[in-house]
Amino acid sequence: MRGARRSGAKRWTAAAVLVLAVLALAGCGQAPQSALNPAGPVANMELQVIGLGFWIMLGVGVIVLGLLVAIIFRFRARRGESALPEQVEGNTRLEFVWTVIPVLLLAVLAVPTVKDSFAAASAPDPSTALQVNVVGHQWWWEFDYPSLHIVTADEMHIPAGTQISLSLTSADVIHSFWVPRLAGKLDAVPGRTNSMWLEASKPGDYSGQCAELCGASHALMRFSVIADSPSAWTAWVHTMQHPNTTPQTPAAQAGFKDFATLGCSACHTIDGTTFQGTIGPNLTNLGLRKGIASDSLSNTDANMARWLADPPALMPDVIMPNLHLSKQQITDLTAYLEEQK
Amino acid sequence: MAAVSERVHPRSYARPGEPPGLWGWLTTVDHKRIGIMYILASCVFLFLGGGEAFLMRLQLAVPNNTLVSATLFNQLFTMHGLTMIFLVVMPLSNGFINVILPLQIGARDVAFPRLNTLGLWLTIGGGLILYTSWFTGGAPDAGWFNYAPLNSPPYTGSGIDFYVVGLLVAGLGSLITGINFLTTIVNMRAPGMHPMRLPLFMWTAVVMSVLLIFAMPALTADLVLLFFDRFFGTGFFNPAVGGNALLWQQLFWIFGHPEVYILIMPAFGMISEVIPTFSRKPLFGYSSMVFATLAIGFMSFMVWSHHMFTVGYGPLVNSVFAITSMLIAVPTGVKIFNWLATMWGGRIRFTTAMMYATGFLATFTIGGFSGVMLASAPADLQYNDSYFVVAHIHYVLIGGSLMALFAAGYYWYPKITGRLLSESLGKWQFWLLFIGFNITFFPMHFLGLLGMPRRVFTYPPGLGFSSMNYVSTMGVFVLTAGFVLFLVNLLWAWRHGQPSGGDPWDARTLEWSTTSPAPAYDFAQIPLVRGRDPLWVEKQTGNGQMIPVDTAGADEGDGHHGGKVHMPVQTPLPLYLTLAMMVASYGALFHVWALAVLGLLAMFFFLFRWMFDKDPGMMVDIVDAGGEHA
């Protein structure tokens, strides 16, 4: 049994090291998607409930598992012991105690559970909140700002310090909108509109990811919420409302033509042009985004070329086909799209 | 009295009159043989489901891995979940209940021996149908929960058809099994075994059976609607034509939450047998354990929406279901404390079975803690569909159900085979499994909180997921070693295990009062039950063995006719019925409707054969059957 005690101690040490490692990771900012590192009031509130549940359970856990370990060592049969232990069948008072204490502990957890369920769902004041309509697609997110007449995809800009009111639905299967540092998730269900709100306290880049299985490329359905300072927000809104769409370089001019003739415009919209397809994501000011392919690749010329060459290779089952573009066409389209900013 | 014979019986397990060899097994109605087949089939599926998990963990070992494709990964986790739930834990529990139930209540078989056989074949048939999908264009890939509308065209292919039909067939088997177990325990207890003397394992079997009877129909309804959507183009779950995608989820979890208690209930019962035996004390707080079991069963029907906190039903619904879900922790806590109190003050013998029971207490309790945390709706908005939930379910399903099933395996293997599993291999296996399990699944709690969603085939570097995923995958190697060692032990002990005798553990309940393995008729004479833990009562009064019920004038009552007992005869009808149903299933699955109709006709033919088949039973001579005459 001494061996068991040693390996037990080792396990606990390993667990403690692991906990510390996680805390260190979260502290160093290497966990950009962590619910333990909240950056807004909703995620803060949720972390408090997580913390309350955790501490209550840790307390109970220390008692129960401590008791278990104590029992293992104290009541282990020793060699040569043959006497029968006292045959106890129960103890009403004890049984009463360990029925009532859990009820009280759960009541402590139930109060914020109910209170915060309502708080997380309460609609923000429509006169000050910014409305964004979110539509999940296989596999990208559409963000529609009805008051600003802006539609974009995969990168949701918001003003920091402002409540954002989100209406979620889906164009195909169920998706789930999750930006752990700003708010817990809510499903985007076809045929149904769900509401939630979030707020980023400070400017920053908060990564998110679809949390409901939605097909082959579910894992790649990422997105970002970018909270802007007031000046950056004003600039972004202005750029989005007045996109600069005239191609400048010869390559971009060729790409502009390709975009129309190769069929890209049947699916994609670029505001300020005649390209008004609505099947795929809106590509207005695509060059400003830091990611492409549902934010699963960084937005570089090389990645754009890889994507255009064979989209299903990078995103299994994606609706955008391999158009068997020539090298020249890929270069030209990349030049045109990356110029959109 | 054939009580504590030290010799190992010839283990053909065949009842007198049963043909030897494979045909005897295929047509048997003996609860022990059926139980053994359930357990063996589950072990095969355990390694299939484990292999699927192994591939997933290899894929997730490092970020942006390309070992397994996205499509294959989705098939792997779907099949892993289905296999472990429907084809491993459920049939394993059914296997142990099958072997032990009649022995523990002092009966000679279950109430409906033929239905028992049918339940076995339907479970295996459903599993085979499900696994056929790997060879016919891909396994189902929308998760075991199979949410609409992802479960319908154009989003998913033929794999989901196999899901629908396979689960319909296996589900029918589960329903039949539930009815059979419940009827048996209600009607066939030995004289003196009134309800408050039932071993707790039998109480959990009662509750599991009731849950099966009320929960399986919700799944069946869901599957039938989906069958119509997929085969005949209706749109029950398709919002585009006025259907409701959330209807699937509602029905699924109305089944699905009781289902997780179907998976854990027998485990509670097994632990409640193992702990008192090896603590040499009666179960602490028996009555409160019974009521806690009933309460958990009842409450399991009132919490289903906690799987759906994020679908947008709003704060009122979420609050109600959060509170009912938290309340389930109270009776569960009562159980944990009662088990601890049973051990307290005992003389605990740490056999492998007891080590597993102790391991269960540790890991299942941790799973319970994360369960309470999950029940808190606002916190769940962060946990839901993250790796935190993956950690939780594996702590309750491996740390709970499977730990208990291993405890049951080491505890009852001698009763089933007449030989003991190796204790030294067993202890090695326990530590490999316990440590491997914790290395694999403990980090997943943190992965979930760091923002890693479930069911992702890969993840990028830079999110802080990489190191813990690597650790988790390393743990799987240790865990797998534990499982393989169990298989080795199982096979080795079959021939070379130490003969156990009838009562190797100095145990308390009726099954230990007969030989190991039990004779075809279980008990030469039906025992008289004179208290809770009937065998222990006799040991305490110095008797050491059960007193037979006075059979004079009570021949009909216990089927005992002066040295002969009345037993049911074997029949191939359940097998034929299952095969006919499988023909109909494959006909539908491959859209060969003539075959489907043929299968259905054959099914009705065998049903009518069954209905009008007279089973006179047979008289088994107690001496001829290998036992010793009373």
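Start by selecting A:Lys290 and A:Asp205: these two form a salt bridge, with their closest N and O atoms 3.5 Å apart. Keep in mind as you go that this is a predicted model.

Now colour chain A by domain, with residues 130-237 as domain 1 and residues 250-338 as domain 2. The centres of these two domains, taken over C-alpha atoms, are 22 Å apart. How many residues does each domain bring to the contact? Domain 1 of chain A gives 16 and domain 2 of chain A gives 18. Across this interface there is one salt bridge, along with 10 residue pairs in polar contact.

Stay on the domain 1 side and show β3 (150-153) and β10 (222-228) of chain A, each of which supplies at least two of the residues that touch domain 2 of chain A. Which of the elements gives the largest share of that side? That would be β10(A), with four residues. Sort the domain 1 side by class and you get nine nonpolar, three polar and four charged residues.

For the area, the two domains of chain A bury about 1400 Å² between them, and carbon and sulfur atoms give 52% of that. Select A:Trp139, A:Glu155 and A:Leu220 next: in domain 1 of chain A these lose the most area to domain 2 of chain A, together 33% of what that side buries.

A cis peptide bond joins A:Gln138 to A:Trp139, with omega at about -10 degrees. Look around and you'll find A:Trp139 in the loop between β1 (130-137) and β2 (140-145) of chain A.

Another backbone stop is A:Ala293, where phi is near 50 degrees, a positive value in a residue other than glycine. Look for A:Ala293 in the loop between β11 (291-292) and β12 (297-298) of chain A.

Time to bring in chain B. Show the contact between the chains: 98 residues of chain B and 91 residues of chain A take part. Chain B and chain A bury about 7700 Å² between them, with 73% of it on carbon and sulfur atoms. Pick out B:Phe337, B:Arg347 and B:Gln382, which supply 9% of the area that chain B buries against chain A, more than any other three residues.

Which side chains meet in a salt bridge here? Select A:Glu212 and B:Arg455, at 3.7 Å from N to O. The count between chain B and chain A is one salt bridge, and 20 residue pairs are in polar contact across the interface. Then highlight helix α10 (residues 329-343) of chain B, which gives the largest share of the side that touches chain A, nine residues. By class, that side of chain B has 62 nonpolar, 25 polar and 11 charged residues.

For a last stop, go to B:Pro153 and B:Pro154, joined by a cis peptide bond with omega at about 5 degrees. You'll see B:Pro154 in the loop between α4 (113-132) and α5 (159-187) of chain B.

Methods:
Residues numbered from 1 in each chain as written. Chains lettered and ligands numbered in written order. Predicted model: local features only at pLDDT ≥ 70, side-chain atom pairs only at ≥ 80, totals over all residues. Heavy atoms only, no water. Domains from an automatic or database assignment. Contact = heavy atoms within 4.5 Å. Buried area = accessible area lost by both parts, 1.4 Å probe. Salt bridge = Lys/Arg side-chain N within 4 Å of Asp/Glu carboxyl O. Polar contact = N/O pair within 3.5 Å; in protein donor to acceptor, adjacent residues only side chain to side chain. Nonpolar A, V, L, I, M, F, W, Y, C, P; charged D, E, K, R; others polar.
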